Amino acid sequence: MSQIAEKQTPDAPGSAKDPAARVILAGLSQSRKTLPCFLFYDVHGSELFEEITRLPEYYPTRTEAAIIEAAAKDIALHTPPGSVLVEFGSGSSRKTEILLSALPSLSAYVPIDVSRSALDEASARLAVRFPSLRVFPTLGDFAEHLSLPQALSKRPRLGFFPGSTIGNFAPADACDLLSHMAENLGPSGRLVIGVDLRKDLSILLPAYNDADGVTADFNLNILVRLNREMGADFNVDDFAHRAVFNREESRIEMHLVSLKAQSVELLGHSFAFAEGESIHTENSYKYSIPQFKELARRAGWFPREVWTDPKSLFSLHELTIAH
Ligand code: AVJ
């Protein structure tokens, strides 16, 4: 994944050479139109996502936080003093604080995120709460190669990948990402990862279709962003948010549905929409605990521990490198 606003690339967003622009044009040119879900997280989109995490219907965030709270002591027991905590896609680093207070002997915390503003805000907040913790904010895509500061390169690494972000990846890509993380975390590496579970649709669907329409705004914000940053002319009122569960693929899909036949201009290209045609904007895969363990094993990890909540809504896995 790359991202369009905050990375300092020589090609301005909106130029046809910008790699994000190419991904966007290619996605809209397919017979089933798609847009990459990294587009959600501009400044406004990141705020909307924070709002989603506080919605009564959106169970994952608070459920995972409670699981981390309960598991933190065990995780600390498995963590050698002087370890480095590496977080993939750290965002606001809110859940990390729970871990950090249970892990006083870390030598450093390395948050990786594509958002400069999120990294700055989190680092400032952590500096106040954990004044002796060394923080190395790292701007970039967590799927890329990780180079730690020289002084930290020999330390054991604990990866942290909460929020069920892994669910955004199709299983084959999730497997690649997990093996890539195994490589980055080294032979003594461990990974604590949050994974959302399959569950009754009466709980699952409202989590992506909240009554206040925050998720709808979050989804539609992609079009607002393309209008602003790429000079597109989407009429946002002519698209509607839709979230459905695809049983076969075991995933929530988010779509933006065209409410009428229309055409949209973007970077010199014209895209025609039939009434009811959609742009597929996000997948959020849901696993059973055994299914996820199997995926982790295929990626070269050994499932060591799993924690869940009393209603089995969400799971937190601790993985070690298989040997
Ligand atoms: C951040 C990818 C885990 O899939 O639940 C929330 C994003 N999308 N509501 C998820 C999201 C719609 C979220 N992840």
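This is a predicted model: local features need pLDDT of at least 70, side-chain atom pairs count only at pLDDT 80 or more; totals for chains, interfaces and linings use all residues.

Analyst: Asn 283 itself lies in strand β10, which covers residues 278-285.

User: How do you know on which side of the cut-offs Arg 32 falls, buried or exposed?

Analyst: The relative accessible area of Arg 32 is 73%, and since exposed means over 50%, Arg 32 is called exposed. Arg 32 lies in the loop between α1 and α2, and its C-alpha atom is separated by 8.5 Å from that of Glu 277, although these two are 245 residues apart along the chain.

User: Why does Phe 218 count as buried, and what does Phe 218 touch?

Analyst: Phe 218 has 3% relative accessibility, and because the limit for buried is under 20%, Phe 218 counts as buried. Phe 218 is found in helix α8 and, not counting residues up to four places away in sequence, touches Phe 40, Tyr 41, Gly 45, Leu 48, Phe 49, Ile 52 and Met 254. The C-alpha atoms of Phe 218 and His 241 are separated by 9.1 Å, with the two residues 23 apart along the chain.

User: How do you decide whether α2 and α8 are roughly parallel or roughly antiparallel?

Analyst: These helices pack at an angle of about 160°, with their axes 9 Å apart; angles over 145 degrees count as roughly antiparallel, and therefore α2 and α8 are given that label. The crossing of α2 past α8 is left-handed, and the contact is made by His 44, Gly 45, Leu 48, Phe 49, Glu 51 and Ile 52 of α2 together with Val 214, Thr 215, Asp 217, Phe 218 and Asn 221 of α8.

User: What label do α3 and α4 receive, and why?

Analyst: The axes of helix α3 (residues 59-77) and helix α4 (residues 94-102) come within 9 Å and cross at roughly 15°; angles under 35 degrees count as roughly parallel, and α3 and α4 are therefore described as roughly parallel to each other. Their crossing is right-handed. On the α3 side, the residues that meet α4 include Ile 68, Ala 72 and Ile 75, while those of α4 include Ile 98 and Leu 99.

User: Which residues of α4 are buried, and what covers the buried residues?

Analyst: Lys 95, Thr 96, Glu 97, Ile 98, Leu 99 and Leu 100 are buried in α4. The covering elements include α3, β1 (84-88), β2 (108-113), α5 (116-129) and β4 (157-161).

User: What is noted about the phi angles of Ser 164 and Ser 250, and why are these residues called buried?

Analyst: Ser 164 has a positive phi of about 60° although it is not a glycine, and Ser 250 likewise has a positive phi, near 55°. Ser 164 is found in the loop between β4 and α6, Ser 250 in the loop between β6 and β7. With buried meaning under 20%, Ser 164 counts as buried because its relative accessibility is 8%, and Ser 250 counts as buried because its relative accessibility is 7%.

User: How many residues does the largest nonpolar core have?

Analyst: This core has 38 residues, and those with the most contacts inside it are Leu 35, Leu 226, Phe 234, Phe 239, Leu 266 and Ile 279. Its largest share, 7 residues, comes from α8. Apart from it lies another core of 32 residues, among them Ile 166, Met 181, Leu 185 and Val 195.

Key: Residues are numbered from 1 along each chain as its sequence is written. Side-chain values use heavy atoms; hydrogens and water are left out. Helices (H or I, at least four residues) and strands (E, at least two) are DSSP runs, numbered from the N terminus. A nonpolar core is a set of buried Ala, Val, Leu, Ile, Met, Phe, Trp, Tyr and Cys residues joined through side-chain atoms within 4.5 Å. Buried means under 20% relative accessible area, exposed over 50%, partly exposed in between (1.4 Å probe, protein chains only). Axes are lines fitted to C-alpha atoms, for helices over the stretch in contact, and angles run from 0 to 180 degrees between N-to-C directions. Angles under 35 degrees count as roughly parallel, over 145 as roughly antiparallel, 65 to 115 as roughly perpendicular and the rest as oblique. A crossing is left-handed if the near helix is turned anticlockwise from the far one by less than a right angle, and right-handed if clockwise. Contact means heavy atoms within 4.5 Å.
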